[in-house]
Structure formats: C-alpha cells, structure tokens
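Please open the model in your viewer and follow the stops below in order. Each one names a selection and says what is there.

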Amino acid sequence: MNSSFGSEIGERPGFRSGFIAVLGLPNSGKSTLINAFFDRQPLIVSAKPQTSRFQVRCISTTDERQAILVDTPGWHAEGRTLGKFMRREIARSVEGTDATLFVVDAARPQVERVRYAWGVLLKDSEAPVVLVLNKIDLVGRGKLPELLDKLCKIFEPKEIVPVSALKKENLLELDRVVTSLLPEGPLLYPPDTQIDKPDEFLFGEFIREQVYRVAREEVPFSCAVHVETVEQGEASVRIEAELLVERDSQKAILIGAAGQNISKIRTLARDRIRRFTGGKVQLELRVKVHARWASDEKLLERMGHSV
Ligand SMILES: Nc1nc2c(ncn2[C@@H]2O[C@H](COP(=O)(O)OP(=O)(O)OP(=O)(O)O)[C@@H](O)[C@H]2O)c(=O)[nH]1
Ligand SMILES: [Mg+2]
C-alpha cells in the first residue's frame with residue numbers, strides 16, 4: 001500500500017480507488033452531480049447548455065475509497081474547433097476509466113440523442129456503465145418507475161440510479177454503487193486534493209460561470225476567460241483576467257450600459273472565488289475582442305491547462 005502521503009487513509013485493506021467518467025448530454029446536470037460530492041463547489045454550473053468545456057478531475061476521498069470523478073463537456077455532435085476540442089476532452093475521459101456514469105435528465109430524457117451519444121462515446125469502452133437518472137425532483141413520482149423501466153430496456157446499464165443532484169436525493173445510494181465499481185487500490189492523489197487543476201483554471205472558470213448568469217443571447221458561448229495574473233497573499237488573492245469575445249457587438253453586451261454587466265460579473269465572480277478560497281479577493285477584468293479564440297487550439301489547450 002502507498003504510504004507516501006503519510007496518512008492512514010488508503011492504507012486499509014480493501015481500500016478502493018479509480019476513475020469514474022461522468023458523461024451525458026449538455027445540461028443534464030453532470031457538474032452539479034459531481035459538486036454534490038464536495039462541500040465547496042469546485043465545478044461551474046449554469047442553466048444554459050454547454051457550460052463545461054474541459055475535462056476536470058475532482059477527487060473525493062473517504063475512509064473507504066478515493067473516487068476520481070471526471071467532469072466532461074456535454075456531448076454535442078456539431079461545432080467547429082471548440083466543439084472538436086470538447087469532444088476530444090470527453091474521449092480522453094473515457095480512456096482507462098473504471099466505470100462511467102451516464103447522466104440523463106429525467107425531465108427531458110431525449111432518448112434518441114442519448115442513444116447516439118452513448119453509442120459514440122462508449123463503443124470502445126469496457127468499463128461498467130451506470131445510468132444516473134438526474135433531476136427526479138422535476139418528475140412526478142408516479143412516472144418514475146415507467147421511465148426507469150424504459151431506460152433500462154433500451155440501454156441495459158449495469159445499474160440505474162435515480163437521483164436529484166440539486167436536492168441531494170439518493171446520492172448515498174449512488175456513492176454505494178460508485179464505490180462498489182472501483183477496484184481495490186491505493187490512493188492516487190493525496191487525500192486532501194479536491195481538483196487537479198491549477199488555481200488560474202478555477203478562477204477563470206468561476207468568472208466564466210458569472211458570464212453565463214449575466215450575459216444574454218449567444219455571448220456566454222462566445223466568451224472565454226484568460227487569467228493573466230494570480231498573486232497569492234497571506235489570506236488574499238489578486239487576480240487579473242481578460243474576457244475574450246469574438247465581436248465588438250459582444251464586447252458591448254458584456255460591458256453593458258455604463259459598465260453595468262461587467263461590474264455585476266466582477267462582483268458575482270469575486271463572491272464565488274471568495275466562497276471557494278475563504279480569503280479576500282481582488283479582481284480586475286478587461287474585455288477584449290479576439291475574433292478567432294474558439295478556433296485557436298493552442299489557446300484552448302492553455303486555457304484548459306491539460307495535465
Ligand atoms: N431541478 C433540478 N435541476 C438540476 C439538477 N441537477 C442539475 N440541475 C440544473 O440543471 C442545469 C444544468 O446543470 P449543470 O450541472 O451545469 O449541467 P451539465 O450537465 O454539467 O451541463 P454542461 O456542462 O453544459 O454539459 C443547472 O441549472 C442546474 O441547477 C437536479 O437534480 N434537479
Ligand atoms: Mg457541466
């Protein structure tokens with residue numbers, strides 16, 4: 001057993017560890033589901049589809065197991081360079097995984113789209129698949145058995161678990177299933193690690209999350225955040241970031257009349273970062289037009305800080 005982390009966790013006989021890819025259509029609640037495993041919400045979430053763009057490993061450690069839950073962008077067949085980049089991020093997550101959670105929105109199951117995504121994503125994977133039927137809080141209890149039965153027949157998953165990630169319903173059962181699917185093994189990350197991305201990435205994502213909340217029309221989808229400076233103080237952090245958009249008109253929307261929107265984004269992002277770090281946050285934002293950021297693979301890779 002691995003004892004290099006100087007902790008008893010992970011040294012017990014029967015300890016389990018491994019990778020769980022979390023897949024599904026956009027907006028099915030993948031990131032919300034992973035966040036529910038943590039006190040501090042490491043992932044960004046929004047009511048709009050196509051929020052997550054990168055593969056992000058979140059590490060949840062208990063006395064019994066270390067589950068590395070891999071968040072992925074919602075699967076979408078179309079899209080230019082960014083779409084291709086996102087599909088590659090998903091494909092990377094499926095490789096070498098110990099199990100897959102395929103999240104389906106109970107309120108909008110979209111069976112045909114799920115069937116297509118399932119076929120494409122899992123064609124080379126031998127890992128067991130758990131169908132997580134999420135958002136059951138939005139569906140009448142009477143309708144649930146029929147829906148579960150239907151999905152079971154179509155997809156024949158190893159297990160099917162109805163949950164509400166938002167209301168934290170039935171998550172203990174999901175945890176039990178996840179744990180049972182992990183192989184016995186040592187800690188793969190130090191037990192206090194929660195996410196395998198650097199701070200710049202997290203801060204950039206927390207800023208981007210607020211763009212989804214504040215900006216209208218297509219602006220959030222056309223916006224990327226490039227964190228230029230992170231200066232860590234004793235109990236504070238100073239962050240400078242650029243918000244990249246593709247057109248002048250989007251820049252105008254993002255800034256808003258008399259700077260209203262950007263100042264709202266800044267306040268919300270500062271609070272979100274503060275909730276995560278627990279310290280003081282100084283945040284400076286600039287909006288810049290970069291017509292081709294979404295087709296600049298190198299820039300996308302840098303923003304995703306692939307590890
Ligand atoms: N009512 C309800 N809403 C949920 C639940 N889980 C997630 N949501 C909402 O669904 C929306 C999408 O959630 P996300 O976690 O961002 O979904 P995602 O699958 O990560 O989306 P992408 O990253 O765009 O693929 C948000 O508004 C969530 O609050 C749930 O169990 N019940
Ligand atoms: Mg997401």
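**Stop 1: the ligand shell**

Select ligand 1 and the 24 residues that surround it; the closest are G29, S31, S52, G74 and L166. Keep in mind that this is a predicted model. Coloured by class, the shell around ligand 1 shows 13 polar, eight nonpolar and three charged residues. Which helix gives the most to this shell? Select residues 30–35: this is helix 1, and it contributes three residues.

**Stop 2: two loop residues with positive phi**

Most residues other than glycine have a negative phi. Select N27, in the loop between strand 1 and helix 1. N27 is not a glycine, yet its phi is positive, near 75 degrees. Is N27 buried or exposed? N27 has 21 C-beta neighbours inside 10 Å, so it counts as buried.

Now select K168, which sits in the loop between strand 6 and helix 5. K168 is likewise a residue other than glycine with a positive phi, here about 55 degrees. K168 counts as exposed because it has 10 C-beta neighbours inside 10 Å.

**Stop 3**

Show the strands as a cartoon and look for the open sheet of six strands, ordered 2-3-1-4-5-6, with mixed pairing. Its edges are strand 2 (56–61) and strand 6 (159–162), each of which pairs on one side only. On average, neighbouring strands of this sheet are turned by 25 degrees against each other, direction ignored.

Zoom in on strand 2 and strand 3 (residues 65–71): the two run antiparallel and are joined by six bridges. Within this pair, select T61 and find Q66 of strand 3 opposite.

**Stop 4: the whole chain**

Zoom out and select the whole chain, whose secondary structure comes to nine helices and nine strands. The radius of gyration is 20 Å, close to the 19 Å of the globule rule for 307 residues, so the chain is as compact as a globular protein of that length. Along the principal axes, the C-alpha atoms fill a box of roughly 55 × 50 × 35 Å. Colour by burial: 40% of the 307 residues are buried. Of the contacts with a separation of 6 or more, 71% are between residues 24 or more positions apart.

How values were computed: Residues are numbered from 1 along each chain as its sequence is written. Chains are lettered from A and ligands numbered from 1 in the order in which they are written. This is a predicted model: local features need pLDDT of at least 70, side-chain atom pairs count only at pLDDT 80 or more; totals for chains, interfaces and linings use all residues. Two strands pair if DSSP finds at least two bridges between them. Helices (H or I, at least four residues) and strands (E, at least two) are DSSP runs, numbered from the N terminus. Axes are lines fitted to C-alpha atoms, for helices over the stretch in contact, and angles run from 0 to 180 degrees between N-to-C directions. The radius of gyration is taken over C-alpha atoms; the globule rule is 2.2 Å times the number of residues to the power 0.38. A residue is buried if 20 or more other C-beta atoms lie within 10 Å of its own, exposed if 12 or fewer, and partly exposed in between; C-beta atoms are placed from the backbone. Two residues are in contact if their C-beta atoms, placed from the backbone, lie within 7 Å. A residue is near a molecule or strand if its C-beta atom, placed from the backbone, lies within 6 Å of it. Ala, Val, Leu, Ile, Met, Phe, Trp, Tyr, Cys and Pro count as nonpolar, Asp, Glu, Lys and Arg as charged, and the others, Gly among them, as polar.
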